[in-house]
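I open this notebook to record what I looked up in the structure, one topic to an entry. The sequence and the model come before my notes.

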Amino acid sequence: MLVLSRRPQQSFVIGHDIVITVLEVNGDNVRIGIKAPRDVDIHREEVYLELQQANQSAASPSAGALAAFTRRASKASGGEEEPTAPPAD
């Protein structure tokens, strides 16, 4: 990790088109401004991690959905249908 020291109103540049400016330091709070192209997503880390988790959950089928798909695919291809276990309570 690169660690930089900056005072209020000082900036640093990432790549050719992202500028990070320290706007204000007030005790433990640091306000920063970010100037970046519109196609660059910028999120606080905790929000980014929540988005990643939500996307992964949405893209992961449940065990029941996967079993149903497997049965349908097997049946459609002429294979034998596998026995199913009763649903868990």
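Entry 1. I looked up Arg 44 and found a relative accessibility of 57%. Arg 44 counts as exposed, because the cut-off for that class is over 50%. I note here that the model is a predicted one. Arg 44 is joined to Glu 46 by a salt bridge, in which the closest N and O atoms are 2.7 Å apart. For Glu 46 I read a relative accessible area of 43%, so this residue is partly exposed.

**Entry 2. The other salt bridge.** How many salt bridges does the count come to? The count comes to 2. Besides the pair in Entry 1, I found a salt bridge between Arg 31 and Glu 24, with 3.2 Å between the closest N and O atoms. Glu 24 has 32% relative accessibility and therefore counts as partly exposed.

**Entry 3. Overall layout.** I then turned to the protein as a whole. The protein holds 2 helices and 3 strands, and along the sequence the pattern reads β-β-β-α-α. Of its 89 residues, 7% are buried. The accessible surface is about 8,200 Å², and carbon and sulfur atoms account for 53% of that surface. I also checked the contacts with a separation of 6 or more: residues 24 or more positions apart account for 0% of them.

**Entry 4. Thr 21.** Is Thr 21 buried or exposed? Thr 21 is buried, because its relative accessible area of 17% falls under the 20% limit. I located Thr 21 in strand 2, which covers residues 18-26. Its side chain makes a polar contact with the side chain of Ser 11, at 2.6 Å. Leaving aside residues up to four places away in sequence, I found that Thr 21 touches Gln 9, Gln 10, Ser 11, Arg 31, Ile 32 and Gly 33. Two of these partners, Gln 9 and Ile 32, have entries of their own below.

**Entry 5. Gln 9.** Gln 9 lies in the segment before strand 1 (11-14). I read a relative accessible area of 56%, so Gln 9 is exposed. Its phi is near 75°, a positive value in a residue other than glycine. I set beside this the general rule that most residues other than glycine have a negative phi.

**Entry 6. Ile 32 and the nonpolar patch.** I placed Ile 32 in strand 3. With 47% relative accessibility, Ile 32 counts as partly exposed. Which residues form the nonpolar patch on the surface? The patch consists of Val 25, Val 30, Ile 32, Ile 34, Val 40 and Ile 42, which together have about 470 Å² of accessible area. Strand 3 (residues 29-35) gives the most to the patch, with 3 residues.

**Entry 7. Helix 2.** What span should helix 2 have, and what is the distance between its end C-alpha atoms? Helix 2 comprises 14 residues, 63-76, and at 1.5 Å a residue it should span 20 Å. The expected span is taken over one less than the number of residues. The end C-alpha atoms of helix 2 are 20 Å apart, so the two values agree. After helix 2 comes Gly 78, whose phi is positive, near 90°.

How values were computed. Residues are numbered from 1 along each chain as its sequence is written. This is a predicted model: local features need pLDDT of at least 70, side-chain atom pairs count only at pLDDT 80 or more; totals for chains, interfaces and linings use all residues. Side-chain values use heavy atoms; hydrogens and water are left out. Helices (H or I, at least four residues) and strands (E, at least two) are DSSP runs, numbered from the N terminus. Buried means under 20% relative accessible area, exposed over 50%, partly exposed in between (1.4 Å probe, protein chains only). A polar contact is a pair of N or O atoms within 3.5 Å; within protein, one must be able to donate a hydrogen and the other to accept it, and residues adjacent in sequence count only if both atoms are side-chain atoms. Contact means heavy atoms within 4.5 Å. Accessible areas come from the Shrake-Rupley method with a 1.4 Å probe; for residues, only the protein chains shown count as cover. Patches are made of residues with over 30% relative accessible area and no salt bridge: like charges are joined within 9 Å, nonpolar side chains (Val, Leu, Ile, Met, Phe, Trp, Tyr) within 5 Å. A salt bridge is a side-chain nitrogen of Lys or Arg within 4 Å of a carboxyl oxygen of Asp or Glu.
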